[in-house]
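Colleague: Could you take a close look at one part of this model for me? I would like the charged pairing first, and then its surroundings.

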Amino acid sequence: MAGPLSSAHAKRQIRVGVYNIDHMIGSGSFAKVFRGQHRVSRQIVAVKAISRARLNKKLMENLESEISILKSLEHPNIVCLYDIQAVSYTHLRAHETDSY
């Protein structure tokens, strides 16, 4: 089943929350990273889409722990976690970025 961030969206820009999602800029075993832009502030962000369906219980716990840690950190050498949303089967995380 194709989700909102599947390869089928390549020809059209989609919206998730307050973000316009552009092209994919990277991928891994459980996630894809897209270039995004906040619709109001125009801030460019990296949006990490994590397929929860592919995570076992331990990996889901690790994800929740990582989110908790990133929410509490503020350091110039660590990306800032701006937002997180659970959209059906996918976690979406918006991180600061300089360019993509």
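How many helices and strands does the protein have? And which side chains meet in a salt bridge, at what N to O distance?

Modeller: Happy to. This is a predicted model, in which local features need pLDDT of at least 70 and side-chain atom pairs count only at pLDDT 80 or more, while totals for chains, interfaces and linings use all residues. Residues are numbered from 1 along each chain as its sequence is written, and side-chain values use heavy atoms, with hydrogens and water left out.

To your first question: the protein has one helix and six strands, arranged along the sequence as β-β-β-β-α-β-β. Helices (H or I, at least four residues) and strands (E, at least two) are DSSP runs numbered from the N terminus.

Now the pairing itself. The salt bridge joins the side chains of Asp 22 and Arg 35, at 2.7 Å from N to O. The two residues belong to distant parts of the chain, with Asp 22 in strand 2 and Arg 35 in strand 3, 13 residues apart. The rule behind the term asks for a side-chain nitrogen of Lys or Arg within 4 Å of a carboxyl oxygen of Asp or Glu, and by it the count comes to one salt bridge. As background, side chains of opposite charge can pair when their charged atoms come close.

The Arg 35 side chain also makes a polar contact with the side chain of Asp 22, again listed at 2.7 Å. That term means a pair of N or O atoms within 3.5 Å; within protein, one must be able to donate a hydrogen and the other to accept it, and residues adjacent in sequence count only if both atoms are side-chain atoms.

Are the two partners buried or partly exposed? Arg 35 has 16% relative accessibility, so it counts as buried, whereas Asp 22, at 21%, counts as partly exposed. The cut-offs are under 20% relative accessible area for buried and over 50% for exposed, with partly exposed in between (1.4 Å probe, protein chains only). For scale, buried residues make up 34% of the 100 residues in the protein.

The C-alpha atoms of His 23 and Arg 35 are separated by 5.8 Å, although the residues are 12 apart along the chain. Leaving out residues up to four places away in sequence, His 23 touches Val 33, Phe 34 and Arg 35, where contact means heavy atoms within 4.5 Å. His 23 is itself partly exposed because its relative accessible area is 43%.

In soluble globular proteins, nonpolar side chains tend to be buried together.

Arg 42 lies in the loop between strand 3 and strand 4 (44-51), and its phi is near 70 degrees, a positive value in a residue other than glycine. Most residues other than glycine have a negative phi. With a relative accessible area of 45%, Arg 42 is partly exposed.

Ala 53, in the loop between strand 4 and helix 1, counts as exposed because its relative accessibility is 67%. Ile 78 lies in the loop between helix 1 (57-72) and strand 5 (81-87) and is partly exposed, at 34%.
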